[in-house]
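Open the model in your viewer and keep the selection tool ready.

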Amino acid sequence: MIEYIREYKKYSSSYYVSEGVRTTAGVMLPLLTASYFGHLDVGIALGLGALCVGITDNTGPIHHRVNGMVAALLLIFISTLVTGFCMPYPLLLAGLITVMGFVCSIIGVYGVRAAAIGVAGLLVMILSIDERYDNWQVVRNALLVSAGGLFYLTISLLLYRLRPYKLIEQALGDSLLSMADYLRTRAGFYNEKVDYDKNYKEVLEQQVLVHNKQSLLREMLFKTRDIVRESTHKSRILMMIFLDSVDLFERIMTSQQDYRQMHLVMDKTGLLPAFQSQILLLAEEVEKIGLALQEGRVSIPKEELEELLKKLEADFVDVRNASMDDSNIEGFISLRHVLNSVKDIQSRIMTIHRYTSFDKKIGDAFSRTVDYTKFVSPSDFNLKLLINNLSIHSTIFRHSVRVALSLLAGFFLSRIFPFGHGYWILLTILVILKPAYSLTKQRNIERLTGTFFGAILGVVLLWLIRDDRLLVAVMIVGMIIAYSLVRIKYMVSVVAMTAYILIAFHFLKPGDFSEVLRDRLIDTFAGSVIAFIASFAVPPKWEHEQIQELLEEAILANARYFAAISRLFLNQPLGNEEYKLSRKEAFVKLANLSDAFQRMLNEPKRHQKKVQLVHQMVVNNHMLASHIATLSSYRKMAERYASEKFQPIVQASLGHLQGAADMVRQLPGETRLLSAEENFVIRDELKQLLEQRLKELAGGEMDTSTRQRFSELKTIADQFEYINKISIELEKLAARQQQKIV
């Protein structure tokens, strides 16, 4: 029950609900107003325009949202006008459907918002193909649809002006909620009986979610002029929360250890469950901050959090003093590192807790030292990108052809068979077909399942509820659920959408909803079949065809991230901006790689080539990034331990990574399988320190300068060795992959 309450709180205060309420208001207000004055047809046209423009109002910088809505407004006017004039001529209409299907899909090459604009143009065309008007009525209908879109644009801008920071607060909260889930997943490594493969899979999935949400926030924050210019203390604090949350996420990644070895050595100490409990408490605190930001209130940390951390440290020291010897000394050093990470993470969380007060003094302390425009991708529309994608090798081109042919087939099917509403077949095709096969397959299943259960729910509601006012209220709730969940719980969204559509048709054709129900089920099935056939008739670019490039990019991005961090340990300068850019690039490339691999797993088995090798390389890339992030957390220690002795292992690791990237790209390369010991001359110093430390332990000396130097230097050295071993493993895997290709 607690879990359900938690999920409800996350959902109810999220920007997804805000989007759902905004879209529902934009559609229903003109519809209900026009209906009240006896002009239902006018209300339907206005509501359709509002819905189409609302589709493009995705979360993002305000000027991007406005540009998207204005573009959609122009497109739906033209689309409604041209469709109306083509209606008397079936062949001309078929040609329009084909051309619009291709053009409105190919513009998706410019990103998610551009794709949404294309969907708006197709949607208004599809929902207009069963209406016949004379010339004046065609123009009137196009103007009404545009007026509805303009009404939605006005509402959206008005809400933004009233609460300009609300959307960013909700997006920040959503990002922190994902980070809390990520932290909980990592806590799973401290279970006594942990399924390492399952847990690593969940960690990768959670990392992708966090990366994607942080990318969205970068766009919103760094491309919103008022925030970048630091115009108000609130905008400055929002920037501080984001920057600190990115650093917090990197710090969470630094807890990466050899968990199998840790369990072998430390299970008998009984300390690991205590560490897991503290990490889960920290996840709760991150979640608390996320919810507070979404709800617009101050977050209050748990009172006993500090005391629990002190108790954990005291327990660690007691167990270490009582049981540490030469067989487990390295295990205690690793666990000490975890403890330091937990302490640092807790400190950062407490700082973000304080930010949620939005105290003016906090905002005044912020100063911008980095050019944030370098952290976001340019969003200029260049014609060359479109021309380059007019090729059969382009994923978006194949998708556009697939959409065009599927819509044409659906149109002819609706004209050949007299049952149902033709636009429902086309609508089903439009919402199901996606550039990636895996998403199309998933949408197909969810659409069919959601329609079936939504139909049952709609029938039950119409049977139980006789009061029309209550039915309208239920319909509005159904719309809010449908539009707010469409991107996160698609099947539930379809259930709600089907139910409210049945209720809507009950008002349009009282007592005839059984026919509507039958037609919707038939048309949905027909559209799903066409979409399924099209997925194979015009095959997508399978993930195995493009994942090699993503692998190479991830390996090279990790190499640049490692090279940047290593400079500090080689007594070379590293600017803060350069460091953050290399970190951001590595995390983004990893997210792209993981996302592609997840899609690959959902494709037909015969198209999952070298899947085991690819999986190992994906996992190793994530482990590599975690260890590099861990190394970066020792930047302060680099001042004391920087040495040219690190140079051999740095060069060797970078060589292995370059070799792996070359072989992934199928370039000939010589495999350099050098071991860590051959490269790492600093091991001699560590051996001497260990011998000296063991003598001190035998003499009862616990806290000495030798202990500190050995512990810190070994912690740094271990990360270099982990990175080197993973680099060697990646090169081996790349060599095996190259052999299979040959």
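**Whole chain**

Start with everything selected: 56% of the protein's 742 residues count as buried, where buried means under 20% relative accessible area, exposed over 50% and partly exposed in between (1.4 Å probe, protein chains only). This is a predicted model, in which local features need pLDDT of at least 70, side-chain atom pairs count only at pLDDT 80 or more, and totals for chains, interfaces and linings use all residues. Residues are numbered from 1 along each chain as its sequence is written, and side-chain values use heavy atoms, with hydrogens and water left out.

Switch to cartoon. There are 31 helices and 0 strands; both are DSSP runs numbered from the N terminus, helices being H or I of at least four residues and strands E of at least two. Of the contacts (heavy atoms within 4.5 Å) with a separation of 6 or more, 83% join residues 24 or more positions apart.

**Helix α24**

Select residues 543–569. Helix α24 has 27 residues and reaches 39 Å from first C-alpha to last, close to the 39 Å expected at 1.5 Å a residue; the expected span is 1.5 Å times one less than the number of residues. The rest of the structure largely encloses α24, because 20 of its 27 residues are buried. Step just past α24 to asparagine 571, which takes a positive phi of about 65°.

Go to serine 594, in helix α25 (residues 576–601). Serine 594 is buried, at 3% relative accessible area. What does serine 594 contact, leaving aside neighbours within four places in sequence? Show Val208, Val618 and His622. The side chains of serine 594 and histidine 622 make a polar contact of 2.4 Å. Such a contact is a pair of N or O atoms within 3.5 Å; within protein, one must be able to donate a hydrogen and the other to accept it, and residues adjacent in sequence count only if both atoms are side-chain atoms.

Now select helix α26, residues 611–632. Its end C-alpha atoms are 31 Å apart, which agrees with the 32 Å its 22 residues should span. Helix α26 is mostly covered, with 18 of 22 residues buried.

Finish with Leucine 521, in helix α23 (residues 513–537). Leucine 521 is partly exposed, with a relative accessible area of 33%.
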